[in-house]
Amino acid sequence: MDIFVCVKQVMARDSVIRLGEGATWVRDDGLTFEMNEPDTYALEEALRLKEKHGGEVVAVTAGPARSASTLREALAKGADRGIHIEDDRFVEADTHATASALAAAIGREQHDLILTGLQSDDSGFGQTGVILAEKLGLPHATIIMEIDASGSQLRCKRELEAGWFQRVTLPQPALLTIQSGINKVRYATLMGIKRARKKPLQRYTTDELGIEITAQQSVRRLYQPQQAKQTVFLEGGSREVADELLNKLRFEARVI
């Protein structure tokens, strides 16, 4: 199977966030970056399918020059090669622009399956995968918890709400967005890191792909959440404290 996995570089979860000029995005100076967590599960699932059925795993990203480190991580874990659509504007690009770029690069090559994470840790729209499928004219399914590839078909298990699941069958090629927790993600080994240095990493510019980064949606303003809660210490005897706590839970918090 020729499997393409879309990965995104996002700010690390323990980063100290500072708003940039205009408060439409965050400043990236002083931040550390990592692979989007849902994408790590998509990559792991691609590697497992390759180990079972053979073929090739290609990691693809759209982002600034620093995003190459995320591709190198994917290569170190076992991906065969990487494709980097390099442009600083992807940092604030919307999902339509990102999906259009990914479609332009992936559409040039033979593919049996495309995997993406369910959503990104920074924006969290969950739109890139389904827009990419539409751009490439592929059948797709979201929130995938299990993949069984047999012949030219994919039998998948989708997670629904309230503990319900759905079984769907798709033809190949297809696109699936992977739910976090579908598998146990592997770590890159020292040997894998050394091998990654010799694996091919192809770079495209938006001009080479013949695309323009045009936004269909935009962020108007970001802001830091304001702390509105405060700690209250209740004093007195145990019965008095219990009565006062009960009143606060009933009439102020309204949880009972």
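**Exercise 1. Which strands does helix α2 (residues 68–77) lie across, and at about what angle does it run to β5?**

Solution. Before starting, note that this is a predicted model, in which local features need pLDDT of at least 70, side-chain atom pairs count only at pLDDT 80 or more, and totals for chains, interfaces and linings use all residues. Residues are numbered from 1 along each chain as its sequence is written, and side-chain values use heavy atoms, with hydrogens and water left out.

Step 1: find the elements, which are DSSP runs numbered from the N terminus, helices being H or I of at least four residues and strands E of at least two.
Step 2: helix α2 lies across β4, β5 (81–86) and β11, running at about 170 degrees to β5. Axes here are lines fitted to C-alpha atoms, for helices over the stretch in contact, and angles run from 0 to 180 degrees between N-to-C directions; contact means heavy atoms within 4.5 Å.

**Exercise 2. Work out the order of the sheet and its edges.**

Solution. Step 1: the nine strands form an open sheet with mixed pairing, in the order β9-β8-β7-β10-β6-β1-β4-β5-β11, where two strands pair if DSSP finds at least two bridges between them.
Step 1: β9 (165–171) and β11 (201–204) each have a single partner strand and stand at the edges, so one side of each is left without a neighbour in the sheet.
Step 2: from one strand to the next, the twist averages 30 degrees.

**Exercise 3. Describe how α3 and α4 pack.**

Solution. Step 1: helix α3 (residues 95–106) and helix α4 (residues 128–136) pack at an angle of about 45 degrees, with their axes 8 Å apart.
Step 1: that makes α3 oblique to α4, because angles under 35 degrees count as roughly parallel, over 145 as roughly antiparallel, 65 to 115 as roughly perpendicular and the rest as oblique.
Step 2: residues making the contact include Leu-102 and Ile-106 of α3 and Ile-131 and Leu-132 of α4.

**Exercise 4. Locate two backbone features.**

Solution. Step 1: most residues other than glycine have a negative phi, and most peptide bonds are trans.
Step 1: Gln-172 and Pro-173 are joined by a cis peptide bond with omega about 0 degrees, and Pro-173 is found in the loop between β9 and β10.
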